[in-house]
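Here is a short briefing to keep beside the model as you look around. Take it topic by topic.

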Amino acid sequence: MPPKRKAETEEQPSGKAEGRPSRAAKAARHDEGSAAPKPKAKGVKGSTKGAKKEKLPSQDEFKEGALPLHVNLTHTPPPIDQVATTSQDPGFKGHIVLTPTVFNTRSYGWKGSKKLLVELENSSGPDKTKVWVQLNINAYFEPRTKRPLEDPVCIPEALFMLCDLVIVYDHLFQNIKVVSHIFSPTASTDLANLSFIYSTAVSKLKRVAKTLISTPTPTVPQPPIALGSTATSNVGKEGYERFVTELKKNIVAGDIIQAVPSQRLSRPTTLHPFNAYRQLRQVNPSPYMYYLDCGDCQVVGASPETLCKVTQNKVYNHAIAGTTKRGKTAEEDEALGKALLASEKDRAEHIMLVDLARNDVNRVCEPSTVKVDELMALQKFSHVTHLTSTITGQLRSGKTRFDAFRSIFPAGTVSGAPKIKAIELVFELEKEKRGVYAGAVGRWDFANDEMDTAIAIRTMVFKEGTVYFQAGGGIVYDSVEEEEYIETINKLSANVKAVDEAEKFHYTQQRASKQKPGQ
């Protein structure tokens, strides 16, 4: 596990988030200073009866320093089998979750417009697991795909972070939730220790809230920027077009129906990765936005595509296949979208991958529940338009979200069909590990029926002064080599533009600062 690091916070939106206090919030204010009812523990030893009541911070204490933070907690820690959580009402600006051993984080995930932005600290009591998984770990699931591959980026095959304090920026209600988890397996027998842990969590939340509400916005240290760096492809235009030609031969031979080769660009940069993330949010807002500081490397992404999402044991998979650039005018944009829908090549590619996704979902779900909820819809992003479909199903009895992840991983949209043979052929061509690209980034809740992972596309890796970009495309029988190469460049354009614009912005700022009198 990487060393603990203090994470950078995102720029605070102007103005304070306002919301009507919920009934729970009003009740909390009304009951200040009075003891909350003790939870009853049925059939559990170690009741809190007779325990000394822990005095909670008052609302006034939380408002110290203009903190718009409301807390709704029991005064006495609950017994070991119970969960005390705050209200989920959007009127709450702050949340504390107090849990002895089991808990449900269902309301704090990346759902709808919510994004988990920052992990501040790491300790033994996790609130949820943040994860990335490389595509190459498929060799552990399917040993046939294992090949001797070079590893030019040298990052772990998989990385998991257990986070006990998270900040959730809720874009729907325009507020920020600070969530802390307390882990105390001896809660029913060691109330003194639980009281200490609880007080520590409250202090931590107050400290974090003060940082978030403070007038100055924390910034990351930005080293001097040097413009003019150029990106280098690991295979070049000629090499990528050769991939396409070779895979088309495999298609004609009947080995595969489709495959997805890729190319990687790398270039030196002194741009701080978090500044790249901030720019990427503006250039290419996407359903999955992430910045992961993993010590010696940082992962920055704006993925449009769900790999595997599980909500109350319902499995979701999104298939994205078929891409065109955005038009310069509304009329051109509409014409390009219609041309994409009418493209026999793109439709054939997409339908094949929808069938593959249905098979992957069907392996772990009740067959009668597997459905294509949306087929070949046009979905527009900042630089490209995609054809997208949504496949869902209900997990069978005895199957878990981990079974769903294993069944779907890696997505057919970044590997091919049949999946195993396509992976073998692509690895033999590329001869390098893909790193995070085409793997998964997401979270696994401790609620055992919740998970949300994105395909790690439109994703950058920063390591040792170099930024890496990677993109690929689906190859079918009638693919045209040059067009396929151009498609990868279109897919890379948003991330390349984000880094270029962020460098220019900070370069200009640094020059202006040097030119000020007295500096």
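Helices (H or I, at least four residues) and strands (E, at least two) are DSSP runs, numbered from the N terminus. This is a predicted model, in which local features need pLDDT of at least 70, side-chain atom pairs count only at pLDDT 80 or more, and totals for chains, interfaces and linings use all residues. Residues are numbered from 1 along each chain as its sequence is written, and side-chain values use heavy atoms, with hydrogens and water left out.

**The chain as a whole**
- You will find 11 helices and 20 strands in the chain.
- Of the 519 residues, 53% are buried (under 20% relative accessible area, with exposed over 50% and partly exposed in between; 1.4 Å probe, protein chains only).
- Among contacts (heavy atoms within 4.5 Å) with a separation of 6 or more, 74% join residues 24 or more positions apart.

**Nonpolar cores**
- A nonpolar core is a set of buried Ala, Val, Leu, Ile, Met, Phe, Trp, Tyr and Cys residues joined through side-chain atoms within 4.5 Å.
- The largest one has 32 residues, and Leu307, Cys308, Val315 and Phe405 have the most contacts inside it.
- At least two residues of this core come from each of β12 (306-311), β13 (314-325), α8 (344-362), α9 (401-408), α10 (419-430), β17 (440-445) and β18 (450-455).

**Helix α6**
- Eight of the 11 residues of α6 (residues 273-283) are buried, so the helix is mostly covered by the cut-off given above.
- The buried residues of α6 include Phe274, Tyr277, Leu280 and Val283, along with the polar Asn275 and Gln279.

**The second largest cavity**
- On a 1 Å grid over the protein atoms alone, a cavity is a set of points where a 1.4 Å probe fits but cannot get out, and lining residues have an atom within 4 Å of a point.
- The structure holds 12 cavities of 30 Å³ or more, where a volume is the space filled by probe spheres set on the points, joined across faces, edges and corners.
- The second largest cavity has about 180 Å³ of space.
- Its lining has 21 residues, with Ile320, Thr413, Arg458, Gly472 and Lys491 nearest the centre.
- β13 gives the most to this lining, with four residues.

Methods:
1 Å grid on protein atoms, 1.4 Å probe; cavity = no way out; pocket = protein on both sides within 12 Å on 5 of 7 lines; lining within 4 Å.
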